Amino acid sequence: MKLLSATQIIAAGALMYWPLAALPHIVLETKTAPSGSIYKAVLQVSHGCQGAATTALAVQIPPGFDGVKPYPKAGWVITMQANTLITWTAASQEAALQNSQIDEFALRGKLPDTAGPLWFKVLQTCSNDAGGASNNWAEVPATGVSTKGLALPAALLEVTAPVALVPSVAPSAAMPPEHKH
Ligand SMILES: [Cu+2]
């Protein structure tokens, strides 16, 4: 049996840890969707604030995302402000999302007819007891869609051009065969 050296073990550990370390913080489950479609935005919250439990999540509805409705969550109270902000608040300490757990908050609406990035800005509020305050996931790059280097990036949805209807039969095959009288 071949024993791994300490260096090899550390290197393997670093490799395994890297994908986790590179994960963004609050992200959308589905990161692209066609323009004009009905879209369910599922925001995944994978940790709290500096170890503290999440007690509220306020999502700014991006301009152009229309007719938005939130999905209810057991133990959480929902408030909506003028179709611009949806907030889920834990109704009790027990309902708060622990730092060691993952959960999802969802809303649904109609995407704009034009393609381009849609940023979901999220204010995550945490329990004060554990020393956490809040994380304002609202940073957006000056240009483009790369969130590299941003400490608190907003969640990105890339709205793509509408899906073209593909004919079930190729036009040439659908043409009547050449015939003679
Ligand atoms: Cu994070």
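Modeller: Strand β10 (residues 122-126) is joined to β11 by four bridges, and the two run antiparallel. Within this pairing, Q124 has N135 of β11 as its bridge partner. Residue numbers start from 1 along each chain as its sequence is written. The model is predicted: local features need pLDDT of at least 70 and side-chain atom pairs count only at pLDDT 80 or more, whereas totals for chains, interfaces and linings use all residues.

Biologist: How many helices and strands does the protein chain have?

Modeller: Both kinds of element are DSSP runs numbered from the N terminus, helices being H or I over at least four residues and strands being E over at least two. By this rule the protein chain has two helices and twelve strands. Read from the N terminus, the order is α-β-β-β-β-β-β-β-β-β-β-β-β-α.

Biologist: What is the order of the open sheet of five strands?

Modeller: In general, strands of a sheet pair through backbone hydrogen bonds, either parallel or antiparallel. Here two strands count as paired if DSSP finds at least two bridges between them. The five-strand sheet is open, antiparallel in its pairing, and ordered β6-β7-β4-β10-β11. Its edge strands, β6 (76-81) and β11 (134-137), each pair on one side only. From one strand to the next, the twist averages 10°; axes are lines fitted to C-alpha atoms, for helices over the stretch in contact, and angles run from 0 to 180 degrees between N-to-C directions.

Biologist: Which three strands form an open sheet, and what is the pairing?

Modeller: That sheet has the order β2-β12-β9, and its pairing is mixed. Because β2 (32-34) and β9 (116-120) are at the edges with a single partner strand each, one side of each lacks a neighbour in the sheet. The twist here averages 30° from one strand to the next. Five bridges pair β9 with strand β12 (residues 155-160) in the antiparallel sense, and G116 has V159 of β12 as its bridge partner.

Biologist: Which residues have the most contacts inside the largest nonpolar core?

Modeller: A residue is buried if 20 or more other C-beta atoms, placed from the backbone, lie within 10 Å of its own; it is exposed at 12 or fewer and partly exposed in between. A nonpolar core joins buried Ala, Val, Leu, Ile, Met, Phe, Trp, Tyr and Cys residues through C-beta atoms within 7 Å. The largest such core has 32 residues, and A41, L43, V59, F120, V122 and A155 have the most contacts inside it. The elements giving two or more residues to this core include β1 (26-28), β4 (54-60), β7 (85-90) and β8 (103-110). With four residues, β3 gives the most to this core.

Biologist: Leaving aside neighbours within four places in sequence, which residues is L43 in contact with?

Modeller: A contact requires C-beta atoms, placed from the backbone, within 7 Å of each other. On that basis the partners of L43 include I26, L28, V59, E104 and F120. For the protein chain, 68% of the contacts with a separation of 6 or more are between residues 24 or more positions apart.

Biologist: Where is A82 found, and is A82 exposed or buried?

Modeller: Most residues other than glycine have a negative phi. A82, not a glycine, has a positive phi of about 45° and is found in the loop between β6 and β7. A82 counts as exposed because it has 6 C-beta neighbours inside 10 Å. N83, in the loop between β6 and β7, also has a positive phi, of about 55°.

Key: Contact = placed C-beta atoms within 7 Å.
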